Amino acid sequence: MTSTKTELAVAALRNGTVIDHIPASALFRAVHILGIEDMPNRVTIGNNLPGKHMESKGIIKIEGVEFDRDVLNKIAVVAPTATINIIRDYAVAEKHPVELPETLIGTVRCPNPKCITNNEPMDTRFDVTERSTPILRCHYCNHCVSGTEAEII
């Protein structure tokens, strides 16, 4: 019997989080933001996969973890097209896109070395000026940075 399957099956999650529709170019930044490099949990990472709405995408599956909104906001900076799926008892319990808030506090480092946030002990504050391809403007010095160049803290 000849098989024409072209997809690789990956074990289903009983409980955990699946982050899908990550631009392939942002996948490993998302992995770093989530801090899953050192997690003992079962993790599946797929990159350069075909996507319906994008040329190639990445996906991350993490068993036994549900991330809080602050962590997912960081993902939205580098991967605004990502979708979050919360899995419970092998079924999708919640599904929603990442959401970029109007203001990010303590999330991104200002690239301007003269900014007060780089010289005084205080949280950074960025206003989101563009959502589809995130552009962030520092509240204190007005320096702008794109989501692809932003240093997530």
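## Cysteines and a helix pair

Counting a disulfide as a pair of cysteine sulfur atoms within 2.5 Å, the total here comes to zero disulfides. This is a predicted model, where local features need pLDDT of at least 70, side-chain atom pairs count only at pLDDT 80 or more, and totals for chains, interfaces and linings use all residues. Residues are numbered from 1 along each chain as its sequence is written, and side-chain values use heavy atoms, with hydrogens and water left out.

Let's look at two cysteines. The sulfur of C115 lies too far from the closest cysteine sulfur, in C138, for a bond. C141 is in no disulfide either, and its nearest cysteine sulfur is that of C110.

Now for the helices, which are DSSP runs (H or I, at least four residues) numbered from the N terminus. The axes of α1 (residues 27–34) and α2 (residues 69–78) come within 10 Å and cross at roughly 160 degrees. Angles over 145 degrees count as roughly antiparallel, and α1 and α2 are therefore roughly antiparallel to each other. In their contact (heavy atoms within 4.5 Å), α1 supplies R29, A30, I33 and L34, while α2 brings V71, K74, I75 and V78.

Terms used:
Axes are lines fitted to C-alpha atoms, for helices over the stretch in contact, and angles run from 0 to 180 degrees between N-to-C directions. Helices (H or I, at least four residues) and strands (E, at least two) are DSSP runs, numbered from the N terminus. Angles under 35 degrees count as roughly parallel, over 145 as roughly antiparallel, 65 to 115 as roughly perpendicular and the rest as oblique.
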